[in-house]
Amino acid sequence: MKKSMVLGLCAMLLTILLAACGSKNEPQASTAGSSEPAASSPAESTPAPTESAAEEKPVTISFMHFKSDVTDGVQKIVDQFEAANPNIKVDVQPVKYDDYYTLLKTKMAGGDVVDVFTLNAGAQTKLFVDGGYVEDLTGMPFMENFDPNVLKAQATDGKNYVMPVNATPIAVFYNKKIFTDLGLEIPRTFDAMIAAGKKIKEAGKTPFALGWKDGWTLGMWAGRDLPSNTALVANQPDFFEKIETGAAKFADNPAIKTTIQHAKQLFDLGNKDQLGVDYNGIVDLFAKGDVGMMYMGTWPLADIQKKNPDLYNTGIGYFPYPFSNDESLNKLEFNPDASLAVGRNSKNKEAALKFLAFMASKEGGDSWVKNINSLSYVKGASADIAPAVNELQPYFDKGLVYDSQIYMAKTSIDWGSQFIQNVQKLFFGKATEDEVIKAMDDWVEKNHK
Amino acid sequence: MAHIMRIIRGEMWYVLFLIPGLGLFTLAVLVPLVTGARYSFTNWDGVSKSLHYIGWGNYVRAFADNDLWGALVNTFKYALIITFLVNVISLMLALLLDSYLKFKKTFRTIFFLPGVISIVLSGFIWKYNYAIGFPSLFSLFGIDISSPLGDPNYALFGLIIVAVWQGVGAPMIIYIAGLQGLPSELVESAKMDGANTRQSFFHITLPLIAPAITINMLLVLTGSLKVFDLVYVTTFGGPAFATEVITTFIFRNSFNNFQAGYGTALSMIFFLILVLVTLIQISIFRRREVEL
C-alpha cells in the first residue's frame, strides 16, 4: 500500500471517529442505552435563540417520552405541532417505560439537557424537582386550560412543575361473547371475578390474559391491588410513607397477604406460560377472542382495533377491577398517565413552552384522545375513545372513580420490582406467603435505613 | 547517555503508535475505575448532588448480603456451563470443518453467523422464539411446550442455550486456525507408528492446540461472567430471581434501589473476582501448553 493511501485511510478513520463522537442523538429505541445510558450526547443542535430573533430562527427541541407503545400516535401529535409551528423541529425520543426513569436519571445526572420530557406526577416528579432539573410552570397562561383540582392533585410542594396531559382508566377488558355464552354477569367483587374465571376455564377458554413476562404488567397490577387494599380495606392510607421511614413493616399490613393470594389466584387462572408471554403476546391472544378478561389500561385498544375490528366495535366491554369483596369500595381506577415537564437548563425554553401550550390547547387535547386512545385533561377535549370505554360512563357520571396512586405519592420506594420477583417464587412453590413478606421486609431494611 | 538517547530515538516510533490506544484506555477504563472506586466509599443515591463518605460500609454490607451470594452462584453456574459447552461444541465443529468436507466454507459461515448479530437482537429473537415460535411449531406435532424463560427452574438454561448458540462461532474460528497450524508430519508419523484416531487426537492434536484452548477458555469464561445485555433484554433477573446474575444485581441496586454507592462497591468486588479468576485460569492452562 502506498504511503499516501495509508495516510488517507488514517485521516478517514479519524474523521469517522470524530463524526461519531459529535453525532446527534438518535431517537432512543426501546432498548437503546440499556448498558450505557449516559454515553449519548445531548440532543441540542441549535444555539440558544436570542430574545428578539426567537421567532425567525429555526429551533430544534428534544422531547423524550415513555409512551413508546404508542410511538406512532405520539409522532402524529408532534407532526401536528410542527405543522402549526414551522420554525420548531421536535426531536422525539421514545423510551420503553421500564427503562425510562433510569435513562432520564443518568442523562440528567450526566449534565445532558432534555427540553421536554414526560413525568408521572407524584414521587417521580418530586425526585427530579428536588434535583433542580424541572422548570416551574405555576401560573403559565396555558395552565388555565386545566381544571384547578387536577392541577392541585399534580402539584409538587404546592407548585406546578408538570402539566397534566392524559389520564386513563385501568380496568378489566372482557370478551362479551364468552360472557354471554356462559351466562356470566359482570363481576362486582374479587371472588365473583375468580368464580367467573373458573367457569371460563371449565369451558376450555383462557380466563385471564396476564402477560407477566414484562415487569410492568405484573408491576402495574400489584402497584394498584396492594395500595387499594392497604388504604381502603386495611385502612392504612399512610402505609407506604411509613415503610420508607421504617415506621411500618409489610408484616403489619394484612393487605399484603390479600394481594399475594390475589396474585396466586390470577396466576392459576392465567394464560398458558404466564411468565413467558409478554404484553404484546396477550394483546394478540385477547384480540383473537379466546380470552375472557384482561387487566389493562386503554393502550391496547388501538392494537385490538387493527387486529380485530369486529371485536373492537362490539365484542369487548370494560369493567372496574374489583380489588376487594366489598362492592361499595370497588370504584373505577382512574390514573393520570403522562405529564409534561420542561428542563430547567433547557436552552430553547421558549420553544419548549410553545410545545406545552400546544398540548394544552383543545386541538392538542383532541389529538391525544384520537391518537393515543386515552382521556385528555384539557377542558373541553373530546372523550370518545372507544366503544368499550363508553361502558364506564356511569362511573364517571356518578363520580365513582378513585386513584390508588395517591397513597404512594409521597414516597419514592420502588417496592414493586422487588415484590414481583418474590411473588413469582410463590407461584412456583419456592416460597410461602410468610417468606415473601419477610423477604420484602428484609429488602426494605437493607435499602432504606 | 548517548546510548539511551539512541534507544529512545529508535523506539519513539513504536511509542507513537501506542499513544492513541493508551489514551483511550486511560480515558475509558482507568479514569472511570478510579472515580468509581471513590464513589464506592460513599452513600451516593445516583441522582442527588450531595454524598457522604462512609468508609468501608458498602463493602462490609456486601459480604453480609445474602442476595449477592445468590447472584454470584447464578453467575458462576451460568459461566461454567457455558464455558464447557461452548468449548466442546466449537472444538467438535472445528475438527469437522477442518477435515475434507464438501461446502466446509459455507458451513463455517453458517455456524459463525449468530455471533455477528448483536446480543440484544438475539435476545429479542429468542424471547419471541421461546414464547411464540417454538410453542406454535411444536403444537403442529401435538407437543405442548412453554417458554423456559417463564419458569424459574429452567430460565437459566434457556439463557445458556441462547448464549451457546451465539457463542460457538468465534472460538470455532480460533480452533480452526489452531488446527491448521498443526504440522502434518507429526500426525502422519504418529499414524505410521500405529496410533489410532483417538490416540493421535489426545496425544498430538490436543497438546498442540493447547494455546488455543487457553485463550478460548479465558475469553468465554470472562465473557460469560460479565453477561449483562442478554439477561437484561430477556429476563432482567426474573422470574423469581432465577437468572439474577451479578451484573443485573449491581444494576438493580444502583438504579432501582437508588444505591449507586453500594452498586459501585459491588462492581469493584466483581472486578477483583474477575481478575482473580483470570489469573488462576491462566496459571493452570499455561502449564499444560507444549512449545513446538
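This is a predicted model: local features need pLDDT of at least 70, side-chain atom pairs count only at pLDDT 80 or more; totals for chains, interfaces and linings use all residues.

Residues are numbered from 1 along each chain as its sequence is written, and chains are lettered from A and ligands numbered from 1 in the order in which they are written.

**Stop one: a helix pair in chain B**

Select residues 2-39 of chain B, helix α1, and residues 260-287, helix α13. (Helices are DSSP runs of H or I, at least four residues, numbered from the N terminus.) Their axes come within 8 Å and cross at roughly 125 degrees. Now show B:Gly36, B:Ala37 and B:Tyr39 on α1(B), plus B:Ala260, B:Gly261, B:Thr264, B:Ser267 and B:Met268 on α13(B): these make the contact. (Two residues are in contact if their C-beta atoms, placed from the backbone, lie within 7 Å.)

**Stop two: where the chains meet**

Show both chains: 26 residues of chain B are in contact with 26 residues of chain A. On the chain B side, color α5 (119-139), α11 (229-234) and α12 (246-256), the elements that give two or more residues. The largest share, 4 residues, comes from α5(B).

**Stop three: a helix in chain A**

Jump to helix α11 of chain A, residues 279-288. Which of its residues are buried? Pick out A:Tyr279, A:Gly281, A:Ile282, A:Val283, A:Phe286 and A:Ala287. (Buried: 20 or more other C-beta atoms lie within 10 Å of the residue's own, with C-beta atoms placed from the backbone.) Just after α11(A), click A:Gly289, which takes a positive phi of about 90 degrees.

Technical notes: Axes are lines fitted to C-alpha atoms, for helices over the stretch in contact, and angles run from 0 to 180 degrees between N-to-C directions. A residue is buried if 20 or more other C-beta atoms lie within 10 Å of its own, exposed if 12 or fewer, and partly exposed in between; C-beta atoms are placed from the backbone.
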